[in-house]
Amino acid sequence: MGEPRHIIIHGHFYQPPRESPWTGLISPEHGAAPFPNWNERILSESYTANARAHTMEGPSVVHVRNNYESISFDVGPTLAGWLQTHGKTAYRAMTRGDALYAAAHGGHGNAIAQSYSHSILPLLPPRDRELQIAWGIDDFVFRFGRKPAGMWLPECAADDDTLASVAAAGIQFVILASDQGRFSGPGAESRGAGPFQWRTGDLSLAVFRFDRELSNSVSFGDGLADGARLATWMADTALNLEPGAALMIATDGETFGHHNKHGAAELARALIALERRDDVIVTNCAEYLATHPAGGTFEIASATSWSCPHGVERWRSNCGCRNEAGTSQEWRAPFRAAMDFVKNHAEATYDRFAPALVKDPGAILRDAIRLLNDPNPAVHDEIFKRFGVADESYRESLLRMFEMVRAGQAALTSCAWFFDDYGGLEGRVALRWAARAVELAAEYSASVENELLERLRGINSNRRENGDAATLYLSLKTREARGRV
């Protein structure tokens, strides 16, 4: 039989920051009924369901398992922050699942990092891209208590500059689709995950590729209709690879229970079936990489993603990607420009006023996410002392500026462009965070809201009731103000 084959199942868990930038609360979202909002609904159907997945074996044997102990996964930092307060059972299951696997497998935990705001990294300038990566790593360390070996790139969007930034940050591997670049060398012609080596200059990175056919069946087909059948399919496919090779599937983590009602239970059933076999091993990327270094090579000619055949155009242009026929995406480019304007203004405000408060404003900004995440006064005192900020008023002002920069970054969360209209829930998320960034920046210099409104006017929704983007922006601000009274 030879060396067993390896199977890696990756779940990408993410939701946009739906909570109010002012109150931290999520407004009622009627489409999520009977739950008050989509976060609560998906928490019940997926995140908690995977924390205690129930499967039956025969008439009387019930298995209850924490799926996070067996699958590779990433959890978006903004979602993790919400789960820490509102989904404690799921949050603890994720961190415990990672810790238990790491303890039993040489420190190679199941969790990997994600860049912070789920913005499309190839569309960001170097400073923002590096900030997103640094914040994602620091958030991971805060939650999982160790440095991440891998990083999930939002929408798997990558180019050479993105991979270079990830490698420079100390990340060892990323996960991409099999059609996102040129895989060559040993294993390239098979369906194996690799890893493959990407290199530029002194920087290198391992690239794992997931199997499109299997992943699409789980995501959009009947792959999760029967977990035992899925296990057989994965095992049979893996056994056609070279001895010791790995097969990988990757999908949105919400597939396991939210997109597919029985997904968490059937995932658990598949894992049980795979773990009972002696010809395959369920593992994760970090553990596999430790004993199977990259053999082949990977090259990427231009920006690509897992969800747009036009590269990364879905997040900035009318590329033709849409969910519903007959809708126009001419709004994408000007909406992107408007959100970029807000993000750039927040950064310019920080660059103008932060140097009067701290000697190295760039370095402390890279550490800022720990200050915004962790309320521990000792942590705040240590970081501020390290950067020579003793004055309490300076500290408070810097915290407001960090919040301003984070709000500007949140306005670029990818979900706002993915769907057919900015007037949906995801586009409204971006507009609310933009409003918050503009408001905070106005504490330091003249407000640019009128200029933003000029940019938003004439950006027309596919839904007549939304009016243009300026009208929607103002209505969202008014609603938020009423909610704070």
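Leaving aside neighbours within four places in sequence, E287 is in contact with Y101, H105 and H108, where contact means heavy atoms within 4.5 Å. This is a predicted model, in which local features need pLDDT of at least 70 and side-chain atom pairs count only at pLDDT 80 or more, while totals for chains, interfaces and linings use all residues. Residues are numbered from 1 along each chain as its sequence is written, and side-chain values use heavy atoms, with hydrogens and water left out.

E287 has its place in helix α9 (residues 285–291); helices (H or I, at least four residues) and strands (E, at least two) are DSSP runs, numbered from the N terminus. Although E287 is buried, it has no salt bridge, and R146, the nearest side chain of opposite charge, is 11 Å away. Here buried means under 20% relative accessible area, exposed over 50%, and partly exposed in between, with a 1.4 Å probe and protein chains only. For charge, Lys and Arg count as positive and Asp and Glu as negative, while His and the chain ends are not counted.

A salt bridge is a side-chain nitrogen of Lys or Arg within 4 Å of a carboxyl oxygen of Asp or Glu, and the structure holds 29 of them. Three of these pairs are set out below.

| Pair | Closest N and O atoms |
|---|---|
| D98 and R146 | 2.6 Å |
| R386 and D367 | 3.0 Å |
| E480 and R432 | 3.6 Å |

D98 and R146 form a salt bridge that links distant parts of the chain, since D98 belongs to helix α3 (residues 88–104) and R146 to the loop between α4 and β6, 48 residues apart. D98 counts as buried, at 2% relative accessibility.

R386 forms its salt bridge with D367, and this pair also links distant parts of the chain, with R386 in helix α13 (residues 377–386) and D367 in the loop between α11 (361–366) and α12 (368–373), 19 residues apart. At 46% relative accessibility, R386 counts as partly exposed.

The salt bridge of E480 with R432 runs between two helices: E480 lies in α18 (residues 469–484) and R432 in α16 (residues 425–441), so the pair ties together parts that are 48 residues apart in sequence. E480 is buried with a relative accessible area of 10%, and R432 is buried at 13%. Elsewhere, R191, D211 and E213 are linked in a network of salt bridges.

A cis peptide bond runs from A33 to P34, with omega near 10°, and P34 sits in the loop between β1 (5–13) and α1 (38–51). Another cis peptide bond joins G194 and P195, with omega about 10°. H118, although not a glycine, has a positive phi of about 60°; H118 lies in the loop between β5 (111–114) and α4 (126–144) and counts as buried at 2% relative accessibility.

In strand β4 (residues 72–75), S72 and D74 point one way and F73 and V75 the other, and all are buried. In a regular strand the side chains alternate between the two faces of the sheet. Two strands pair if DSSP finds at least two bridges between them; β1 and β4 pair in the parallel sense over 4 bridges, with D74 of β4 as the bridge partner of H12. β4 and β5 also pair in the parallel sense, over 2 bridges, and the bridge partner of F73 in β5 is A111.
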